[in-house]
Amino acid sequence: MAKRQPAIRYCLDTSFLINGWHRRYRIDVFPTLWSAVDSLIEQGTICSCEEVLSELTRGDDALVTWAKERKACFQRPTSDTLANLRTVMQSKPNIAATGGSLNRADPFVVAHAMTVHAIVVTDEQPAPNLRSTKPPKMPDVCDALGVKWLPPIEFLAAIKLVL
């Protein structure tokens, strides 16, 4: 009997949601994209973590309303996620350092992706200099821990979104 391939899951980072909603893929211009995201959330293909929702609720706009209406997408950490969070923090202790822009959820996103075997979707770019003392970028953390990640345009290609 052939082994069934596990479904691919995607774990959304705060940067994807904020930059997508407000800059790159505004809902008034790309409603099809956000409808596809909704469908994939309902199917369990797209997830995120509670910390991302917490970061989003620092604002008070349509994105916050949208996210709160999809609260089930933003999952609470399990004991496995917390164990993976320890691994992330030991590997990259300054990942949530103060002074970084909206990076408090970053270790939780990586840990959640590790737990549910998801690909991180982030709008962050790898740092040009990995020796920087600033909080590391999500792609660099993912690469260091063997977690797959995609930039938004590659994510849209992966889900075969055609506008």
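**Exercise 1.** Is Y10 buried or exposed, and what is its relative accessible area?

*Solution.* The model is predicted, so local features need pLDDT of at least 70 and side-chain atom pairs count only at pLDDT 80 or more, whereas totals for chains, interfaces and linings use all residues. Residues are numbered from 1 along each chain as its sequence is written, and side-chain values use heavy atoms, with hydrogens and water left out.

Step 1. The cut-offs are under 20% relative accessible area for buried, over 50% for exposed, and partly exposed in between (1.4 Å probe, protein chains only).
Step 2. The relative accessible area of Y10 is 5%, so Y10 is buried.

**Exercise 2.** Classify the ring pair of Y10 and F155, and locate both residues in the chain.

*Solution.* Step 1. Rings of Phe, Tyr and Trp (its six-membered ring) pair if their centres lie within 6.5 Å; planes under 30 degrees apart are stacked, over 60 edge-to-face, and the rest tilted.
Step 1. For Y10 and F155, the centres are 5.1 Å apart and the planes make 70 degrees, an edge-to-face pair.
Step 2. Y10 belongs to strand β1 (residues 9-12) and F155 to helix α8 (residues 152-158); the pair links distant parts of the chain, 145 residues apart. Helices (H or I, at least four residues) and strands (E, at least two) are DSSP runs, numbered from the N terminus.
Step 3. F155 has a relative accessible area of 0% and is therefore buried.

**Exercise 3.** Describe the overall fold of the protein chain in terms of elements, burial and contacts.

*Solution.* Step 1. The protein chain has eight helices and five strands, in the order β-α-α-β-α-α-β-α-α-β-α-β-α from the N terminus.
Step 1. Of the 163 residues, 46% are buried.
Step 2. With contact meaning heavy atoms within 4.5 Å, 74% of the contacts between residues at least 6 apart in sequence join residues at least 24 apart.
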